[in-house]
Amino acid sequence: MLQVGDEWMYFAVVFLLTLSGTRSATGASVLTASLYVFLVMFRFPPVPLEQASRVLRPNGLSSDVPVVAHRAAGHDAPENTLAAIREASRNGATGVELDLSFTADGVAVLLHDDTVDRTTNGSGPISGLRLAHVKSLDAAARHRLRGERFGVQIVPTLQEALQECIKHSLTIFLNVKCYPDKAAAALAEMYRRHPVLYNSSIVCSFEPKVIYKMRQADPHVVTGLTHRPWSLSRHGDGTPTHAVVVAQFWSELLDVLLDWAHHHLLWDLCGVSAVLVHKDFISLDYVQYWAGRGVEVVGWPVNTAVEKHYYQDLLKISYVTDSLLEDCDPQVLRGHTGGQTGVALGSH
């Protein structure tokens, strides 16, 4: 059942706003009751806490802080490759975050961007390239350690990547950005093939629809919502997304509504076990807020030594990092690589 005790004030706000707009107590009551019934009927309960803990706290000790390699090992190895997965395991990662995409012939592969341009020696949208062509590309072509430590790397299929992660006993954070129906179907098939994934992986997305479709396809899968406040109205560096004042105002208003929905509605509707939140918005109070709702917080991207100590020693929560070995402050990286990092830091 929906925990009305936690949310009564939000239903009260809906009632009062509707009442002030319609001047009808009956209409306001019906709308509020309908919203409650909708949530009760269509929400998904979270997976059992024991299962979620096996995924999110794989060492079994609450004092241990799991560390997840962003895009498998974004800075330490060519991202979203089998070599990156092996490197993450070698460097002591608890888990890896993998980005799911689809080729023109519908095969699930690992790729962060919509196109293959940034990471490979190819060009064009991944959705317009068939698997055979994608497999001919070098996924390490533009990485800073190409030729020094890593040779040619093939873009792996989801199946190949999952098998490699299982082999190294890594927790898998599956990041899905689009194609909710296609992704849910592909992932549900992977869970049927590899039941171990139920206790070693989590499906995450910025898109609530993706998570809801995943819970529909298989309600036993651990899931998480990814969120960066002000993502509609601000770029990653904080600058406005719109030059026109009116457009900027509306995008900021939508950000406020989206943030409210994430914290008071969407997480409960989807029955998530975790929220993956941008590091700049996480505090001890924030972690406690979600702990009171039985939800784990995972921070991203936690890259500097100071940030890592903060998460390990004070917050004691999982975090996603671009490097397990180095201080990944962008200025430090520019000094190391002459301005070419080979990975877009801070972009989930």
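The structure is a predicted model, in which local features need pLDDT of at least 70 and side-chain atom pairs count only at pLDDT 80 or more, while totals for chains, interfaces and linings use all residues. Residues are numbered from 1 along each chain as its sequence is written, and side-chain values use heavy atoms, with hydrogens and water left out.

A polar atom of the R215 side chain also lies 2.8 Å from the backbone oxygen of P219. R215 is buried, that is, under 20% relative accessible area (1.4 Å probe, protein chains only). R215 has no salt bridge, defined as a side-chain nitrogen of Lys or Arg within 4 Å of a carboxyl oxygen of Asp or Glu; the nearest side chain of opposite charge, D218, is 7.2 Å away. Beyond its neighbours within four places in sequence, R215 is in contact with residues including F44, V47, T223 and C270, where contact means heavy atoms within 4.5 Å.

F102 is likewise buried, with a relative accessible area of 3%. Apart from neighbours within four places in sequence, the contacts of F102 include V107, I126, Y179 and A183. F102 and A183 are 81 residues apart in sequence, yet their C-alpha atoms are 8.5 Å apart in space. In the protein, buried residues make up 49% of the 348 residues.

Key
Buried < 20%, exposed > 50% of the residue type's maximum accessible area, 1.4 Å probe, protein only. Lys, Arg positive; Asp, Glu negative; His and termini not counted. Polar contact = N/O pair within 3.5 Å; in protein donor to acceptor, adjacent residues only side chain to side chain.
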